[in-house]
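Dear colleague,

Please find below the structure that I am passing on to you. My notes on what was found in it follow directly after.

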Amino acid sequence: MLWSLIKIVLFIAGIALLTLGAGVLMETDGGVRIAVGGTELNMQPLQAVIAAVLLVAAIWLAIIVIGLVIAFVRFVNGDETAISRYFDRSRERKGYEALAEGMMAIASGESTTAMSKAARAEKYLRRPELTNLLTAQAAEMSGDKRKAAQVYKRLLKDERTQFVGVRGIMKQKLEEGDTETAMKLAEKAFALKPRHTETQDVLLGLQAQNNDWAGARKTLGAKLKYGALPRDVHKRRDAVLALSEAKGVMKDGNPVEAREAAIEANRLSPDLVPAAVMAARGYIADGKPKYAARVLVKAWSAQPHPDLAAAFADIAPEESPAERIKRFRALTKHQDGNPETRMLLAELNVAAEDYPAARKALGDLPDALPTQRALTLLAAIERGEGASDHDVRAVLARAVTAPRGPQWVCESCNHVHAAWLPVCNNCDGFDTLAWTSAPEAEGAVTSGAEMLPLVVGDAPVAEIEDAEPISDEAPILDGEVVKEADDKPAA
């Protein structure tokens, strides 16, 4: 309100001053005389001032007109002018609007709309580094792989978008199953952007699938260097790769190098069971049983496993069952409550025909955690203690349908493997196998019980290994058909 009043006062004051000035000029004597050749022009002071103002306005208007004419000529000639900048701004506005709408269409899953908006954005913006990517994504969404591949190849020509083009073609090759070409493209993408986590993972997976363990270890080192992998995880996976490299060297006929690689893998990850087993067997081959025992005991302390017990038995294969029980105390004193340790003790005592000690070691395992191996051990104990064939068959019947217990199971897809592998056969996951119980659908068997690991030598329990699936009509034990007559077991 006050400001409006001030403006009104100032306007009135300005009009008053102009009126006063005009009055002064009209009362002033003299004037302005302009003579050009034979023409003479006389003006009063007020007229002279008005003429001067009009002259200045005419000159200003002339300058503007001349500037517009020059700008139009330059515009027609293709030079940058205010007119061209105006049209450029209009095109950019329309282009970015189309680009934004295309991105929204991509997010909404509208492939047709995205393609049309991408074409419109390319028409107005003329920024291929922006519009080509949108076009490629829209083409992939609509299922036009050929169009997408063409656009990705165009992206390869610009250094700013080269990585995007390589990555796009790499993904297409992966979808097509062309892992050889995809691996080369992954290596190229990794060279362009070694910090890119997704590219590191893809390259590492492809190298593992193609048994390029040396290259995979370099990629794994890059993941650690650029902070994409915790140090403890890196050590574990580096051990897995070193072990896989050792197996490859062994297949090539270089046992010495293979043993060294296995020992390195065990050093990197002492709890990696296959590495510990391979390193121990390498020490055994070198005549260093103490080193082998040390490796296996350390691994057993971390995670008991039948393969560790089998390798420990190989240190002294000719020893008697009693000597073996004594030597195995180095293992069994660790993880004494673990089911694997209890079953190992039971197995060793069965081999020594000390069935009460075997039953004590096994404890309530067949009831608390019934597995095929635990129940098979119980059947061996029952048979060793003189139980009837009927009782032994009853235990074996439970073993047939019992869970198999811990196995090498992929933590990503739950696929069960017969032996440890660095890469899952089912989902191609790297370092995803764990020694654990499989889901019932994967781990259950219907054909027979899994027998004991071969660490006890020739023992009475081995007689049960020939047992077949049990039927009501003809139960089988020790390879002979047992006839059930008068509810008395056959002799």
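**Arg-327 and its surroundings**

With neighbours within four places in sequence left aside, Arg-327 is in contact (heavy atoms within 4.5 Å) with Phe-312, Ala-313, Ile-315, Ala-316 and Glu-319. The model is a predicted one, in which local features need pLDDT of at least 70 and side-chain atom pairs count only at pLDDT 80 or more, while totals for chains, interfaces and linings use all residues. Residues are numbered from 1 along each chain as its sequence is written, and side-chain values use heavy atoms, with hydrogens and water left out.

Arg-327 belongs to helix H16 (residues 321-327); helices (H or I, at least four residues) and strands (E, at least two) are DSSP runs, numbered from the N terminus. Its C-alpha atom is separated by 9.2 Å from that of Ala-313, 14 residues apart along the chain. Arg-327 counts as partly exposed because its relative accessibility is 21%; buried means under 20% relative accessible area, exposed over 50%, and partly exposed in between (1.4 Å probe, protein chains only).

**Overall composition**

The protein has 23 helices and seven strands. Of its 491 residues, 37% are buried. Among contacts with a separation of 6 or more, 51% are between residues 24 or more positions apart.

**The largest nonpolar core**

A nonpolar core is a set of buried Ala, Val, Leu, Ile, Met, Phe, Trp, Tyr and Cys residues joined through side-chain atoms within 4.5 Å. The largest one holds 51 residues, and the members that touch the most others are Leu-308 and Phe-328. Helix H13 (residues 273-285) gives the most to this core, namely eight residues. Leaving aside neighbours within four places in sequence, Phe-328 is in contact with Ala-309, Phe-312, Ala-313, Leu-344 and Leu-348.

**The second largest pocket**

The second largest pocket has a volume of about 290 Å³. On a 1 Å grid over the protein atoms alone, a pocket is an open set of points where a 1.4 Å probe fits, with protein on both sides within 12 Å along at least five of seven lines, and lining residues have an atom within 4 Å of a point. Grid points are joined across faces, edges and corners, and a volume is the space filled by probe spheres set on the points.

The lining of this second largest pocket comprises 13 residues, of which Asn-211, Trp-213, Lys-251, Leu-421 and Pro-422 lie nearest its centre. Helix H9 (197-209) and helix H11 (231-251) each supply at least two lining residues, and H11 provides the largest share, four residues.

Asn-211 is found in the loop between H9 and helix H10 (213-225). At 51% relative accessibility, Asn-211 counts as exposed. Ala-214 lies in helix H10 and is partly exposed, with a relative accessible area of 40%. The C-alpha atoms of Ala-214 and Ser-244, 30 residues apart along the chain, are separated by 9.7 Å.

**Positive phi values**

Most residues other than glycine have a negative phi. Asn-211, however, has a positive phi, near 60°. Phi is likewise positive in Asp-431, near 55°. Asp-431 is placed in the loop between strand S4 (416-417) and strand S5 (433-437), and Asp-431 is buried, with a relative accessible area of 15%.

**Cysteines**

How many disulfides are there in the model? The count comes to zero, where a disulfide is a pair of cysteine sulfur atoms within 2.5 Å. For Cys-410, the closest cysteine sulfur is that of Cys-427 at 3.6 Å, so the pair is too far apart for a bond. For Cys-424, the closest cysteine sulfur is in Cys-413, also at 3.6 Å and therefore too far for a bond. Cys-410 is buried, at a relative accessible area of 0%, and Cys-424 is buried too, at 1%.

With kind regards
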